[in-house]
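Here is a short tour of one protein chain, written to be read with the structure open beside you. Take a look at the model, and then follow along.

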Amino acid sequence: MDTSDNEEQLGFESEEDSEMSDGALQEAFAKGLLKPGLNVPVEEAKKLANNVEGMKQCLADFCKTLPWVERLNLTNLPVPDIVAKAEGRLVAPDGEINAEDDFQREMYFYRQAQATVLEALPKLRKLNIPTKRPTDYFAEMSKTDQHMQKIRKKLLVKATAMEKSEKAKKLRELRKYGKKVQVEVLQKRQKDKKAMMTSVKKYQKGMTDKLDFLEGDQQDNKVKKGSGPSKAQLNKKGANSKRKFKDQKFGFGGKKKGTKWNNKESHNDMRGFRAKVAHGKGGKASGKGGKGNKRPGKDARRKTKGKK
């Protein structure tokens with residue numbers, strides 16, 4: 001018969017839970033102590049000691065007639081519950097309390113201790129026994145200074161660890177918040193860039209003639225730079241002549257191609273039309289068929305050259 005089967009028959013669940021080792025089981029099986037069937041260990045009954053002589057000795061020690069100062073024993077009933085009487089609540093007779101009520105039971109102990117103190121203090125004062133600790137009383141510590149130093153070090157280490165943990169927690173929260181703000185800023189930039197590209201494409205295709213998106217960038221740049229005075233405000237004399245000439249010649253940016261093309265309005269506008277100038281009949285106008293100074297002929301130029 002296998003040892004594992006024996007353990008199962010004996011009711012042992014595992015090797016750790018078993019009180020007998022494998023070697024002890026094998027020895028018991030070899031000696032024939034294990035029998036077929038369910039083997040249940042039988043615990044021996046506890047022997048109750050009835051030490052009569054010891055009990056009598058203890059009783060004799062209790063009955064010694066020692067003075068009360070050596071014994072300090074008092075048996076008292078609890079003081080009346082003044083608070084309950086003032087509130088008008090029913091007060092149970094002494095000794096009749098609900099044992100399941102923790103608060104009522106603890107208050108009963110408190111009032112009983114109070115009655116004992118009220119009776120013991122006058123007796124102690126009568127016997128000239130001090131009941132208060134003197135102001136210059138020095139009591140030796142139950143624990144050594146080395147032990148208290150160890151405790152202090154452990155408390156300091158614990159407080160330092162807690163402080164580091166709080167700092168790390170705050171740093172993690174700040175990093176999360178900073179990362180969140182950074183993501184929001186990047187998303188806003190991407191959104192503005194996308195809107196700008198869409199507006200530029202619409203303007204290039206001729207779907208709109210507004211340049212509001214450029215003004216928005218200029219406003220953003222002004223906000224970033226601050227609310228200080230601009231260059232135009234600082235330059236009280238205004239733009240110089242060079243700047244005015246360039247602005248008049250090249251303009252202020254924007255679309256330049258096709259600016260001189262005719263349209264319906266310019267075609268119908270005749271305010272700047274001059275017929276004499278248009279057909280070469282002006283007094284000073286020199287052109288085909290005009291009366292301006294003619295160049296002398298070749299022979300005349302030769303004669304003039306020969307005279308010189």
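## Surface, helices and charged pairs

Let's start on the surface, where Tyr177, Val181 and Val185 form a nonpolar patch with about 270 Å² of accessible area together. A patch is made of residues with over 30% relative accessible area and no salt bridge, with nonpolar side chains (Val, Leu, Ile, Met, Phe, Trp, Tyr) joined within 5 Å and like charges within 9 Å. Accessible areas come from the Shrake-Rupley method with a 1.4 Å probe, and for residues only the protein chains shown count as cover. Tyr177 sits in helix H7 (residues 145-204), and with a relative accessible area of 58% this tyrosine is exposed. Here, buried means under 20% relative accessible area, exposed means over 50%, and partly exposed falls in between (1.4 Å probe, protein chains only).

Before going further, please note that this is a predicted model, in which local features need pLDDT of at least 70 and side-chain atom pairs count only at pLDDT 80 or more, while totals for chains, interfaces and linings use all residues. Residues are numbered from 1 along each chain as its sequence is written, and side-chain values use heavy atoms, leaving out hydrogens and water.

Stepping back, the protein chain has 13 helices and zero strands. Both are DSSP runs numbered from the N terminus: helices (H or I) of at least four residues, strands (E) of at least two. Of the 308 residues in the chain, 7% are buried. The accessible surface of the chain comes to about 30400 Å², with 55% belonging to carbon and sulfur atoms. Among contacts (heavy atoms within 4.5 Å) with a separation of 6 or more, 46% are between residues 24 or more positions apart.

Now for the charges. How many salt bridges does a search of the whole structure find? The search finds six, each being a side-chain nitrogen of Lys or Arg within 4 Å of a carboxyl oxygen of Asp or Glu. Side chains of opposite charge can pair when their charged atoms come close. Some of these pairs are listed here.

| Salt bridge | Closest N and O atoms |
|---|---|
| Arg105 and Asp102 | 2.9 Å |
| Glu163 and Lys167 | 3.9 Å |

Arg105 and Asp102 share helix H6 (residues 102-126), three residues apart, about one turn of the helix. Arg105 is partly exposed at 23% relative accessible area, and Asp102 is partly exposed at 48%. In helix H7, Glu163 and Lys167 are four residues apart, so about one helical turn separates them. Lys188 and Asp192 also lie four residues apart in helix H7; Lys188 is exposed at 54%, whereas Asp192 is partly exposed at 40%.
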